[in-house]
Amino acid sequence: MAAPYVTLALAPGWRGRLPRPGPWLLRLKELLAFPLYATVIWLAWVLGAQRDNDAVIQLLLGGIVVGVIYALVAMGLSLIFGVLEIVNFAHGEFYMLGAMLAYFLTVNWGLGYWPTVLAVTAVALSLGFVLYEALLGSLRGENFERSILLTLGLSMVLQNGAVFL
């Protein structure tokens, strides 16, 4: 049943054609959310009881940080697709470039946290703007398949280029 939904989502003019989740699915999410969170916290407590409470706090904070990173990536993807109507398969690679640039600026150049954040934001913004204007600007609204192939190719170029850094 997943294949028809994927083809509907990738077809031009797909808005409003995807089935909406029913109230039963939303209720099921609500019912399963609390036991799932309680189980995770209980496991962290059991693992931490064998060690110390700092391990439990570190596990919980690490999980929250990873969850926030996933949420930022998902919001970025949905924002790009919603506004530009382009499926950006190179989205994760832009995050990778930002993280690598931040690492190099702090380790090799000795910049502090806030100057690094400002520099990485400026570089990523300008790189994204240049790549959009050079590659994707002419594809907006049409040639949906070309934008997919273009961003897949850009993803491969960025991944293999990062190997040499």
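Guide: Start with a term: a residue is buried under 20% relative accessible area, exposed over 50% and partly exposed in between, using a 1.4 Å probe and protein chains only. This is a predicted model, in which local features need pLDDT of at least 70, side-chain atom pairs count only at pLDDT 80 or more, and totals for chains, interfaces and linings use all residues. Residues are numbered from 1 along each chain as its sequence is written, and side-chain values use heavy atoms, with hydrogens and water left out.

Visitor: OK. Is Asn143 buried, exposed or partly exposed, and what is its relative accessible area?
Guide: Asn143 has a relative accessible area of 34%, so the residue is partly exposed. Asn143 sits in the loop between H5 and H6.

Visitor: How far apart are the C-alpha atoms of Asn143 and Ile86?
Guide: They are separated by 9.7 Å, with Asn143 and Ile86 57 residues apart along the chain.

Visitor: And Phe144, where does that lie?
Guide: Phe144 is in helix H6. Phe144 counts as buried because its relative accessibility is 14%. The C-alpha atoms of Phe144 and Val87 are 8.3 Å apart, and 57 residues separate these two along the chain.

Visitor: Back up a bit. How many helices and strands are there in the protein?
Guide: The protein has 6 helices and 0 strands. Both are DSSP runs numbered from the N terminus: helices are H or I with at least four residues, strands are E with at least two. From the N terminus, the order is α-α-α-α-α-α.

Visitor: What share of the residues in the protein is buried?
Guide: Buried residues are 16% of the 165 residues. The accessible surface comes to about 12,400 Å², and 73% of that belongs to carbon and sulfur atoms. Such areas come from the Shrake-Rupley method with a 1.4 Å probe, and for residues only the protein chains shown count as cover.

Visitor: Now the helices. How do the axes of H4 and H6 cross?
Guide: The axes of H4 (residues 91-107) and H6 (residues 144-163) come within 9 Å and cross at roughly 25 degrees. Axes are lines fitted to C-alpha atoms, for helices over the stretch in contact, with angles from 0 to 180 degrees between N-to-C directions. H4 and H6 are therefore roughly parallel to each other. Angles under 35 degrees count as roughly parallel, over 145 as roughly antiparallel, 65 to 115 as roughly perpendicular and the rest as oblique.

Visitor: Which residues make that contact between H4 and H6?
Guide: Glu93, Phe94, Met96, Leu97 and Met100 of H4 meet Leu154, Ser155, Leu158, Gln159 and Ala162 of H6. Contact means heavy atoms within 4.5 Å.

Visitor: What about H5 and H6, how close do their axes come?
Guide: The axes of H5 (residues 113-136) and H6 come within 12 Å and cross at roughly 135 degrees. H5 and H6 are therefore oblique to each other. On the H5 side the contact is made by Leu131, Leu135 and Leu136, and on the H6 side by Leu150, Thr151 and Leu154.

Visitor: One more. Is Thr116 buried or exposed?
Guide: Thr116 counts as buried because its relative accessibility is 4%. Thr116 lies in helix H5. Leaving out residues up to four places away in sequence, Thr116 touches Ala102, Leu105, Thr106 and Leu111.
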